[in-house]
Amino acid sequence: MKNFLVLLAIFPFMISCNKQEKIDLFKLKLNEPIKNVVDFNDSLFVGVETVEYPFCLLVEVEKSAKYTFEGIDLEEQKVTFQIHSEKLKTDSITRFGGAHIDLKLIKEENEMMKTLKDFNAEDKIYGVRIAVENAGLKSEILKKIELKYGKGTKNPNTDNGLYWNVKKENKYIFFAPDYDRLIILNSTNLSKTCYWDIFNGLIDFGGCDNEQYTKDLVKNSTKPEDVKNKPVVKIDKNWNVNDLIIGKSTEEDFLKSQTSKNFERVEEISGSSGSVNQIMYQNEYHDFYFYFNTNLKNPENKKTNVIKGFLLDNLKKVEISFENGLKPGMKFEDALKLLDKKTVKKTIKNEGELSFANYIIIENGQYEVSLVFNEELLFSGMHIR
């Protein structure tokens, strides 16, 4: 009976020891070591996601019981930490489009540290992003922020966005309810005049030089004229590349070819299930990418993953020739004259955010060919999907 009473006495202590320690994200200084703000028992994904922010490393945590916001439980919310990474201060990772995801599942601290080293990243955070979809939760969070920092400044780029420049704490706070995000950053090593992300647009804190700010964001980008060892690319009349056939050639065929030299395999992972959505091979230095339809039951079977398309984002970074007579730098109207009018689906001008985005879209059986022309209407890139 005595031993039983002892067990009863220590049982509550055992429960309290096993209970996960909560972290109030609103109280972080945002210079904490990443290992101190995550739990490796949670689902942690590290990498790049251009939906969120392309010029830094992200650590995503979904449905963790670890986080609160000034007493508000965040167990159902996705939390993303930002980490400075010199390697990612380049425009190459933005060229995949707005939904490029390249995240790796991390299960232990050593694996996390190795990944940070691979990205030339710091081992501490400088920001946190919270996905907030529930209207009631948005209202609760906004009240907490206003109670501490007062009314925010209206974001001119969105309908309901607000921001706070808390200079005494070296913090930027961006409340973007239209896009279901709250973003808090340590501003110590950030621009003091400008801020940009996809959900907030460009914020001018006063005296913002947008051109210089953008140059600083992508300061490690390689100029096309400085690229060395350019791959040789030959495009046949059916838009296949170097004898690799779209919709037929496999991942195994690609790896056996000379074309695969200097390419890195990347798996696009579903954050919720951890399954492989897509396999891509990238040569970031030359802006050259291949995409594969994946055997979902066995994504590692390279004999069943088939090329579904490729992207050449900057034709100046490769040595390219076309069987149909196209040439890099060709004028828009000359390219249009050269092509068989029966195959040209449509010409799209001024589509998207860039006023100079001009494409010639070509139907070719089961896939489309997009020829891209720059602001001077010169042939500058292409992709097949």
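Buried means under 20% relative accessible area, exposed means over 50%, and partly exposed lies in between, with a 1.4 Å probe and protein chains only. This is a predicted model in which local features need pLDDT of at least 70 and side-chain atom pairs count only at pLDDT 80 or more, while totals for chains, interfaces and linings use all residues. Residues are numbered from 1 along each chain as its sequence is written, and side-chain values use heavy atoms, with hydrogens and water left out.

**Aromatic pairs and charges over rings**

Rings of Phe, Tyr and Trp (its six-membered ring) pair if their centres lie within 6.5 Å; planes under 30 degrees apart count as stacked, over 60 as edge-to-face and the rest as tilted. The count by this rule is 25 aromatic pairs. Phenylalanine 26 and tyrosine 149 are edge-to-face, because their ring centres are 5.9 Å apart and their planes stand at 90°. Helices (H or I, at least four residues) and strands (E, at least two) are DSSP runs, numbered from the N terminus. Phenylalanine 26 sits in the loop between strand 1 (23-24) and helix 2 (34-37) and tyrosine 149 in helix 4 (residues 135-149), so this pair ties together parts 123 residues apart in sequence.

Phenylalanine 332 and phenylalanine 373 also form an edge-to-face pair, with 4.9 Å centre to centre and 75° between the planes. Phenylalanine 332 belongs to helix 7 (residues 332-338) and phenylalanine 373 to strand 23 (residues 367-373), so the pair ties together parts that are 41 residues apart in sequence.

| Residue | Relative accessible area | Class |
|---|---|---|
| Phenylalanine 26 | 2% | buried |
| Tyrosine 149 | 16% | buried |
| Phenylalanine 332 | 6% | buried |
| Phenylalanine 373 | 1% | buried |

One aromatic cluster is formed by Tyr53, Phe55, Tyr163, Tyr172, Phe174, Tyr195, Trp196 and Phe205. A charge sits over a ring if NZ of Lys or CZ of Arg is within 6 Å of the ring centre and within 35 degrees of the ring normal. Lysine 148 lies over the face of phenylalanine 26, at 4.9 Å from the ring centre, and lysine 87 lies over the face of phenylalanine 119, at 5.9 Å.

**Sheets**

Two strands pair if DSSP finds at least two bridges between them. An open sheet of three strands has the order 1-4-5 and mixed pairing. Its edges are strand 1 and strand 5 (72-73), each with a single partner strand, so one side of each has no neighbour in the sheet. Strand 4 (residues 67-69) and strand 5 are antiparallel over two bridges, and phenylalanine 69 stands opposite isoleucine 72 in strand 5.

Another open sheet has nine strands in the order 7-2-3-6-8-12-11-10-9, with antiparallel pairing. Strand 7 and strand 9 (153-154) stand at its edges with a single partner strand each, so one side of each is left without a neighbour in the sheet. Within the order, strand 11 (residues 171-176) and strand 12 (residues 181-186) pair in the antiparallel sense over six bridges; tyrosine 172 is opposite leucine 185 in strand 12.

Strand 13 (residues 194-197) and strand 14 (residues 201-204) are antiparallel over four bridges, and a hairpin of three residues joins them. Tyrosine 195 has isoleucine 203 in strand 14 as its bridge partner.

A nonpolar core is a set of buried Ala, Val, Leu, Ile, Met, Phe, Trp, Tyr and Cys residues joined through side-chain atoms within 4.5 Å. The largest has 43 residues, of which Leu25, Ile34, Val38, Phe69 and Phe81 touch the most other members. Helix 4 gives the most to this core, with five residues. A second, separate core of 36 residues includes Val276, Leu312, Leu315 and Ile362.

In helix 3 (residues 109-118), Met112, Thr115 and Leu116 are buried. The buried residues of helix 3 fall within an arc of 100° seen down the axis, so they line one face of the helix; the arc is that of the directions from the helix axis to the C-beta atoms. Asn110, Lys114 and Lys117, on the other side of helix 3, are exposed. Asparagine 120 follows helix 3 and has a positive phi, near 50°.

Serine 85, in the loop between strand 6 and strand 7, is buried at 1% relative accessible area. Leaving aside neighbours within four places in sequence, serine 85 is in contact (heavy atoms within 4.5 Å) with Phe55, Leu57, Phe119, Asn120 and Ala121.
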